[in-house]
Amino acid sequence: MQNDEQWMNCALTEARKALTFDEVPIGAVIVKDNAIIASAYNLRETNQLSTAHAEILAIEKACEVLGTWRLEDCTLYVTLEPCPMCAGAIVQARVPKVVYGAADYKAGCAGTLMNLLQEPRFNHRCEVQEGVLKEECGQLLSTFFKNIRDQKKRLKKELEE
């Protein structure tokens, strides 16, 4: 658990970087042999790409670093439970273990809405560990969305005046 918290803190650092670009603060790191080989954060708005999720970007970087699409012997740490797209990419990349912080009650596919990472009909399944630093991960997201709602309220109030 100690190492998992250490690596999740690194994913949180990535998530905070997303804030500087007004992106949803989700971060991911991929660890192999006790070292980070790839890290990323959401860039969907910046890149105007629906696929620019932290997990996808980290998987792409890790594949480049290792020179293979198979991310065997790697662990993916992500601050929010993977969505269906990311869960599919994780399975396809053969990532053996996924550790996530906050559950995603709207799109989580590592056990919350469904569990694509451990679907027995697929040819690959991942070990899943949930809830590592979930409070910190969840608070970062909650604060981000609260700020957006507050900003919209302020703008609406200004327009009404």
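Predicted model: local features only at pLDDT ≥ 70, side-chain atom pairs only at ≥ 80, totals over all residues.
A search of the whole structure finds two aromatic pairs, and F144 and F145 form an edge-to-face pair, because their ring centres lie 5.1 Å apart while their planes meet at 80 degrees.

## A stacked pair across the sequence

F21 and Y41 also form an aromatic pair, and this one is stacked, with 6.0 Å from centre to centre and 10 degrees between the planes. Since F21 belongs to the loop between α1 (2-19) and β1, while Y41 belongs to strand β2 (residues 35-41), the pair ties together parts that are 20 residues apart in sequence.

The two partners can also be described by their accessibility: F21 counts as partly exposed at 42%, while Y41, at 17% relative accessibility, counts as buried, because buried means under 20%.

How many of the seven residues of strand β3 (residues 74-80) are buried? Seven of the seven are, so the strand is largely enclosed by the rest of the structure.

Strand β1 (residues 27-32) runs antiparallel to β3 and is joined to it by five bridges, with K32 standing opposite C74 in β3. With strand β4 (residues 97-102), β3 pairs in the parallel sense, again over five bridges, and here Y77 stands opposite V99 in β4. Together with helix α4 (residues 84-92), the strands β3 and β4 make a right-handed β-α-β unit.

How values were computed:
Residues numbered from 1 in each chain as written. Heavy atoms only, no water. Buried < 20%, exposed > 50% of the residue type's maximum accessible area, 1.4 Å probe, protein only. Helix = DSSP H or I, 4+ residues; strand = E, 2+ residues; numbered from the N terminus. Pairing = 2+ DSSP bridges. Right-handed = clockwise from strand over helix to strand, strands pointing away. Phe/Tyr/Trp six-rings, centres within 6.5 Å; stacked < 30°, edge-to-face > 60°.
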